[in-house]
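Have a look at the model first, then read on.

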Amino acid sequence: MKETSPLPDPFSNSFHPNPLAQPASLATDRDMSIDELRAEATRAVDWVADYLSGLESQPVIPPVAPGDIRRSLPESAPEHGESMDAIFSDLESRIAPGLTHWNHPSFFAYFNASSSGPGMIAELIAAAINSNSMIWQTCPAAHELEELTAGWLRRWMGLPESFRGLFTDGGSASTFHALAAARQTVTEVDWRQNGGRGAPELRLYVTEHTHSSIHKAMLALGLGLSCIREVACDDRMRMSADGLREAIEADLQAGRRPFAVVATLGTTSVTSVDPVADIAEVCRQFELWLHVDAAHGGAAALLPEQRHLFDGWQHADSIVVNPHKWLMVPLDLSVLYTRHPDVLRDAFSLVPAYLQTTTDLPASEPDSLGNMMDYGLSLGRRFRALKLWFVLRYFGRQGLIDRLRGHLESARWLAQQIDLHPKIERVAPVPLSTVCFRAVPPRDSEDGNAFNRRWLQAIHRTGEIYLSPTELGGRFVLRFVVSGLRTERRHVEAAWSLLCHRLDELYSD
Ligand SMILES: Cc1ncc(COP(=O)(O)O)c(C=O)c1O
């Protein structure tokens, strides 16, 4: 049986050392008073300002063991309300020590998601407004700002007006919706009425570098992982359009039913960029739905000098771009663009009597998608557009371009250092701002994967920087992603020096 630590007694005064944590009578019989709200919100903003300004001196990864945070907190919720003093005190002493700092300038792991000041402020306001834009009437401003900001971003990325944008909570959700729409194009089956009953053997085409959210979408849609076919890649880890054509032809000959292709612009491990123009041509030839996963990479389409990587994405049927990854918008916000909102609507629209409205928005506003609840699984929808609106306005197109350009330049600088280093090899091209590499072990006999794992552990033990690993062709590889809003060249230089130091130490062991 799993051992549990003794639970603190929430009713005794001794479990909680903070004397301020007595039942508080500050609240009115409804919410906190407006005066208290003003004072506590000011305290919260001060906390945020101190937190952000002190980040650099903190370890990126907290030096805590699994369960430490949980054990420091009472197991039961309080019977009576507590004071904000007590809550803030615990935030500082019990929660903050367990934070991995995604906004830290030396966070180089995964795809960094940094939040900017304007985004944070908008989140506070959105929480106060607390609207639910399921139908237009339940918040016209949220609805119309979503359509407006999706259009602003679309234009900045050079996509045509035929793409309509809808906000979801993440790339995985956007992809799920896109592939549900793709499935809807298999018209031999009445998916709405019968699910997959009598469906042919479907095929979806990806590569070994495609993100797992596509596989999860197949799980959630009930199509199963066996419908996924991996197409071969070229030596730059990009889907081979010829390989795709051959795979489709072979499946057709075998009586299977190809229905969609996923091309990725910025794959997760190495940010490889599939040749989407060539893939779009194959999709056109075989009448397949083309979904483009640009969850991370899409932001780079803002830069004129990167736009060539996106050639052909305007022919996609759906595209996912996550402003919460590389556009300084706090989690969560993903945009699903599609040229076929009608198909998405066919897949998801279901309007019970209690959601019928008195305003016929589509008829009165021909440009509008109508009620957003008709296009997806969620009925309730947060006011995500507000933070995108704040961020796009605060930085402007040029401000975002400047920041992204800085990341790309720093990544290129790092790639050059690696290429000059005799003991480190770069293992993938760097089309965006992710650099993948591994160290050559000191002795031929040494297991390269084990050595690189030890190297990463030694780097993480310092707490100073955070990288994440991946695997390429069975080889353990380190990923270094430069995409943090607060990351400057000096942070990348310091990280490089730390990497080299730790490697030298391992070499001299
Ligand atoms: C290429 C790609 N697509 C999709 C996703 C999933 O995005 P989310 O985490 O917002 O669900 C990720 C996440 O890193 C990704 O790298």
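A polar contact here is a pair of N or O atoms within 3.5 Å. This is a predicted model, where local features need pLDDT of at least 70 and side-chain atom pairs count only at pLDDT 80 or more, while totals for chains, interfaces and linings use all residues. Residues are numbered from 1 along each chain as its sequence is written, and side-chain values use heavy atoms, with hydrogens and water left out.

| Residue | Distance to a ligand oxygen atom |
|---|---|
| Ser172 | 2.6 Å |
| His324 | 3.1 Å |

On its own the ligand has 390 Å² of accessible area, and the protein covers 83% of that (Shrake-Rupley method, 1.4 Å probe). Helix 6 (171-184) and helix 11 (323-326) are the elements that give two or more residues to the shell; helices are DSSP runs of H or I with at least four residues, numbered from the N terminus.

Of the 13 residues around the ligand, Gly171, Ser172, Thr268, Asp293 and Asn322 come nearest (a heavy atom within 4 Å counts as near). The shell divides into two nonpolar, nine polar and two charged residues, with Gly counted as polar.

Now for helix 5 (residues 140-156). Its buried residues include Leu145, Leu153 and Trp156, buried being under 20% relative accessible area. Just after helix 5, Gly158 takes a positive phi of about 75°.

Definitions and conventions: Polar contact = N/O pair within 3.5 Å; in protein donor to acceptor, adjacent residues only side chain to side chain. Buried < 20%, exposed > 50% of the residue type's maximum accessible area, 1.4 Å probe, protein only.
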